[in-house]
Amino acid sequence: MSDSAGLEPLSTLADRVGAILRERRQTVAVAESSAGGLVSAALLAIPGASAFFLGGAVVYSRRAAKALLGLTAEDMAGMRAETEPYARFIAGRIRDSHRATWGLAESGAAGPSGSPYGDAPGHVCVAIAGEVTTSRTIETADARRASNMDVFARQLLLLFHETLLAQPRGTPG
């Protein structure tokens, strides 16, 4: 996917997710990196978000990961950012630290250059941790930072929406 074609607006995805969470009395916490807080902002823009949004963090550096999520060198042994295992781990960590039903995380390279790990701009891994844990890697083949940030946020909410719809109804968190 080279741009946001085919993806619904961030606010529409957030509204859908928020409605499901409210209906099911479930909660969410979000750890963002390259999306820079766009997912949290979209969820918080929904009136009554306090019913389901417990908190979020922009974990943009190792220092932030240590300070905001308590990550240690042992936690990171054999793992690096911008991978699905890392995104799933961070989603679980933010879920657990906030005692939320669901944890969301993304880690990627928004651009205009690639990451120190060798990932091209437009590479992101998104993950959901909760009743199920799932993740996805997206490559936009785009070096435009703002565009990638938007796509990364929408892809994370899209994966969350798909995950919520796949779960049985009426499972409060």
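Guide: A salt bridge is a side-chain nitrogen of Lys or Arg within 4 Å of a carboxyl oxygen of Asp or Glu. Side chains of opposite charge can pair when their charged atoms come close. The model is predicted: local features need pLDDT of at least 70 and side-chain atom pairs pLDDT 80 or more, whereas totals for chains, interfaces and linings use all residues. Residues are numbered from 1 along each chain as its sequence is written, and side-chain values use heavy atoms, without hydrogens and water.

Visitor: How many salt bridges does a search of the whole structure find?

Guide: The search finds eight. In one of them, aspartate 75 meets arginine 93 at 3.1 Å, N to O. This pair links distant parts of the chain, 18 residues apart, with aspartate 75 in helix α4 (residues 73-76) and arginine 93 in helix α5. Helices (H or I, at least four residues) and strands (E, at least two) are DSSP runs, numbered from the N terminus.

Visitor: Is aspartate 119, which pairs with arginine 80, buried or exposed?

Guide: Buried means under 20% relative accessible area, exposed over 50%, and partly exposed in between (1.4 Å probe, protein chains only). Aspartate 119 counts as buried because its relative accessibility is 11%, while arginine 80, at 30%, is partly exposed. Their closest N and O atoms are 2.9 Å apart. Aspartate 119 is in the loop between β3 and β4 (123-129), and arginine 80 is in the loop between α4 and α5.

Visitor: Which residues line the largest cavity?

Guide: On a 1 Å grid over the protein atoms alone, a cavity is a set of points where a 1.4 Å probe fits but cannot get out; lining residues have an atom within 4 Å of a point. Grid points are joined across faces, edges and corners, and a volume is the space filled by probe spheres set on the points. The lining includes Glu106, Ser33, Tyr86 and Ile90. Strand β3 gives the largest share, three residues. The volume is about 40 Å³.

How values were computed
On a 1 Å grid over the protein atoms alone, a cavity is a set of points where a 1.4 Å probe fits but cannot get out, and a pocket is an open set with protein on both sides within 12 Å along at least five of seven lines; lining residues have an atom within 4 Å of a point.
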